[in-house]
Amino acid sequence: MTGRTPARFTADDYRARMERAVRAAGDAGLAGLLVAPGPDLVWLTGYAPPAVTERLTLLVLTPDRDPVLVVPALEAPDAAAAAGASALALRDWTDGQDPYAATTALLDTGGRYGVSDNAWALHLLRLQKALPDTSYASLTEALPMLRAVKDAAELELMQAAGAAADATYEEIRKVPFAGRRESEVGADLAGLLRRFGHSQVDFTIVASGPNGANPHHEVGDRVIEHGDMIVLDFGGLKDGYGSDTSRTVHVGEPTDEERRVHDLVREAQEAGFRAVRSGVACQEVDRAARAVIADAGYGEYFIHRTGHGIGVTTHEPPYMIEGEEQPLVPGMCFSVEPGVYLPGRFGVRIEDIVTVTEDGGRRLNGTTREMVIVD
């Protein structure tokens with residue numbers, strides 16, 4: 001991991017994103033986009049309201065006017081200070097005024113709009129009441145690939161987040177495991193992620209022994225024992241972009257079966273990675289990894305998709321799953337994380353974040369995928 005600070009985004013970057021979003025909306029047959037506070041608003045404008053509030057904040061993107069951010073007057077100074085503020089117009093409203101009137105004036109009476117998934121039902125229902133002939137579609141359904149392809153600056157931030165997660169893994173291998181609760185090791189993971197630059201820790205899964213058979217066990221009060229297999233899965237946001245990596249370690253020497261299953265998952269993860277190339281459907285990554293596990297007789301114990309997209313959130317489109325025919329495009333970033341989960345016994349998962357390149361794929365995690373023995 002270098003000491004150089006990755007590039008920050010400029011107003012021109014945000015302007016280009018909003019213009020791209022408007023074009024994508026038009027291609028999808030939408031009259032425009034309505035973006036509430038959340039990851040889409042941050043990605044499009046660089047603005048995150050200072051607190052969760054019932055007051056309406058909404059970015060309106062339409063092809064016939066410059067972007068407009070409707071914002072409460074008391075939060076307008078923060079919005080004006082956002083990195084992308086010069087690429088849009090602010091329209092503020094004060095308590096006692098009708099914020100929906102300010103918004104509906106920007107919309108076509110019969111238009112169909114894409115709405116960010118985390119928009120409040122309260123706000124959307126009020127807009128529908130004011131403009132009963134409008135209709136709406138969630139952005140995940142209408143524009144699932146809006147944030148999927150990262151530019152060079154975003155990839156640099158993704159690489160830095162991956163390197164920080166790798167540094168966390170290298171350090172967690174050194175701590176004692178046996179005799180400590182999963183929650184204690186989870187706290188170590190969270191502290192290390194923050195130490196290496198994460199501002200937000202989204203998850204710290206420490207699934208020991210039989211708990212490893214639950215892919216989303218996270219942490220509990222179980223005391224880790226000698227002889228346990230332990231699934232470690234952790235990540236969050238560093239400089240606004242996500243990390244997510246999984247490794248499976250063992251306290252003391254594993255049994256032959258435990259080593260065999262770990263090697264199988266490692267082979268499946270490698271097969272999924274090698275399936276990554278531009279133009280290939282997402283489902284082919286899932287098929288490649290799943291075939292290795294199924295051929296070895298463990299297919300029924302691989303109980304989740306092979307991967308998910310990652311960027312300004314740690315889970316987002318595209319998804320590496322059967323039936324997803326979206327072609328891979330250079331700049332996409334997603335996990336490749338096959339696993340085997342044996343109920344009541346143990347589990348194994350190995351995960352890297354991978355980005356699509358012009359000639360294949362590139363891992364953003366570089367720690368060993370071999371079996372690691374811990375104390």
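Hi everyone! Before we look around, please keep in mind that this is a predicted model.

Let's start with strand E8, residues 229-238. How many of its residues are buried? The count is 10 of the 10, so E8 is largely enclosed by the rest of the structure.

Now, who are its partners? Strand E7, residues 200-208, runs antiparallel to E8, and 8 bridges join the two. If you want a place to look, find Phe203, which stands opposite Gly235 in E8. Strand E10, residues 245-251, also pairs with E8 in the antiparallel sense, this time over 6 bridges. There, Asp233 has Ser246 in E10 as its bridge partner.

Then we have strand E9, residues 241-242, joined to E8 by 2 bridges, again antiparallel. The hairpin of E8 and E9 has 2 residues between the strands, and in it Asp239 takes a positive phi near 50°.

Next, helix H9, residues 256-274. Its 19 residues, at 1.5 Å a residue, should span 27 Å, and the end C-alpha atoms are 27 Å apart, so the two agree. The buried residues of H9 include Glu258, His262, Leu264 and Phe273.

Last stop, the surface! Val52, Trp120 and Leu122 form a nonpolar patch there, with about 330 Å² of accessible area together. Leu122 belongs to helix H5, residues 121-130. Its relative accessible area is 43%, so Leu122 counts as partly exposed, a class that sits between under 20% for buried and over 50% for exposed.

Methods:
Residues numbered from 1 in each chain as written. Predicted model: local features only at pLDDT ≥ 70, side-chain atom pairs only at ≥ 80, totals over all residues. Heavy atoms only, no water. Patch = residues over 30% accessible without salt bridge, like charges linked within 9 Å, V, L, I, M, F, W, Y side chains within 5 Å. Areas by Shrake-Rupley, 256 points an atom, 1.4 Å probe, with all protein chains shown as cover. Salt bridge = Lys/Arg side-chain N within 4 Å of Asp/Glu carboxyl O. Helix = DSSP H or I, 4+ residues; strand = E, 2+ residues; numbered from the N terminus. Buried < 20%, exposed > 50% of the residue type's maximum accessible area, 1.4 Å probe, protein only. Expected span 1.5 Å × (residues − 1). Pairing = 2+ DSSP bridges.
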